[in-house]
Amino acid sequence: MKANVAVLVSGGGTNLQAIIDAEKNGIIKNASVKLVISNKTGAYALERAEKAGIKTCTVLCDVLGGQSAFENEIIRLLELYNIDIIVLAGFMSILTEYFTSKYPNRILNVHPSLIPKFCGKGFYGIKVHQKVLEAGEKITGATVHFVNEIPDGGAIIFQKEVPIVDGDTPESLQLRVMKEAEWKLLPMAIEKVAKDLSKK
Ligand code: GRF
């Protein structure tokens, strides 16, 4: 029985696209994406999901009246779709312990650095690459990890190093880290977690 996956998004959805493509190409065999939830209206990730025939929902914290109602609505949808694995793919919202404690070792996140470097509160998206370049690093990369109540604090599943090239800008580095690491590691991690679940 395949694991049902929900992907939580906020933006362009390039990581979601990598997951969709990996399912199509047989890299992900033991899981299937059943639901995409965005916390932002009009996120291009939603278009990617719709094109792939995947159910989409937009859940807005402000409209629902705060974090508790926001998280409870997401939980309602996860239960409605019998979701086994939750993937945060460019999801720009910190989930509280109330939420993460319900899904121990079932929530995965992709972070665009080699954790424990350049992670935690305030380190997300292009900001991570700006800090990496400012620090004069020669190597960076991406990490896929389980999510707990500590931002970027859960157990690491996979990491992959990516070289920094002379003249790199935050944008050029972000694209290389996504292409060479994020888009490869996230599907691999989903397949690993789903396969381990299928053995239980
Ligand atoms: C990327 O910077 C990625 O590292 C981070 O979220 C950003 C956008 O990802 N996790 P996506 O294109 O929306 O998947």
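Leaving aside neighbours within four places in sequence, which residues is I190 in contact with? I found V5, I19, I28, A31, I85, V87 and L108 on the list for I190. Contact here means heavy atoms within 4.5 Å.

**Ground rules**

I am working from a predicted model, where local features need pLDDT of at least 70 and side-chain atom pairs count only at pLDDT 80 or more, while totals for chains, interfaces and linings use all residues. Residues are numbered from 1 along each chain as its sequence is written, and side-chain values use heavy atoms, with hydrogens and water left out.

**The cores**

I looked up the largest nonpolar core next, and it has 41 residues. A nonpolar core is a set of buried Ala, Val, Leu, Ile, Met, Phe, Trp, Tyr and Cys residues joined through side-chain atoms within 4.5 Å. Buried means under 20% relative accessible area, exposed means over 50%, and partly exposed is in between (1.4 Å probe, protein chains only). I190 is among the residues with the most contacts inside this core, along with V7, V36, I85, V87 and L108. Helix α7 (residues 170–198) gives the most to this core, with ten residues. My note on naming: helices (H or I, at least four residues) and strands (E, at least two) are DSSP runs, numbered from the N terminus.

Apart from this core lies another one, of 20 residues, and I spotted L35, V59, I74 and Y103 among them. I also jotted down a background point: in soluble globular proteins, nonpolar side chains tend to be buried together.

**I19**

I picked I19 off the I190 list. I19 sits in helix α1 (residues 14–24). Is I19 buried or exposed? I19 counts as buried because its relative accessible area is 1%. Not counting residues up to four places away in sequence, I19 touches V7, I28, V33, V87, L186, P187 and I190. I checked I19 against L186: the two are 167 residues apart along the chain, yet their C-alpha atoms are separated by 7.2 Å.

**V59**

V59 belongs to the 20-residue core, and I found V59 in the loop between β3 (55–58) and α3 (61–64). With a relative accessibility of 2%, V59 counts as buried. V59 and N39 are 20 residues apart in sequence and 5.1 Å apart in space, C-alpha to C-alpha. Setting aside neighbours within four places, I see V59 in contact with I37, S38, N39, L64, F70, E73, I74 and L77.

**S93**

S93 is in the loop between β4 (85–88) and α5 (97–100). S93 is buried, so I wrote down its relative accessible area, 18%. Beyond residues up to four places away in sequence, S93 touches N39, Q67 and F70.

**A155**

I went to A155 in the loop between β6 (139–146) and β7 (156–163). A155 counts as partly exposed because its relative accessibility is 47%.

**The ligand**

How many residues surround the ligand? I noted 14, and the closest are G13, T14, N15, Q174 and E182. A polar side-chain atom of T14 lies 2.6 Å from a ligand oxygen atom. A backbone N or O atom of G13 lies 2.9 Å from an oxygen atom of the ligand. For V110, a backbone N or O atom lies 3.3 Å from a ligand nitrogen atom. The protein covers 90% of the 360 Å² of accessible area that the ligand has on its own (Shrake-Rupley method, 1.4 Å probe).

**Cysteines**

A disulfide is a pair of cysteine sulfur atoms within 2.5 Å, and by that rule I count zero disulfides. C57 counts as buried, at 14% relative accessibility.

The peptide bond from I115 to P116 is cis, with omega near 15 degrees. I placed P116 in the loop between β5 (107–111) and α6 (126–134). F118 is found in the loop between β5 and α6, and its phi is near 50 degrees, a positive value in a residue other than glycine. N105, in the loop between α5 and β5, has a positive phi of about 55 degrees although it is not a glycine.

Note on methods. A residue is near a molecule or strand if one of its heavy atoms lies within 4 Å of it. A polar contact is a pair of N or O atoms within 3.5 Å; within protein, one must be able to donate a hydrogen and the other to accept it, and residues adjacent in sequence count only if both atoms are side-chain atoms.
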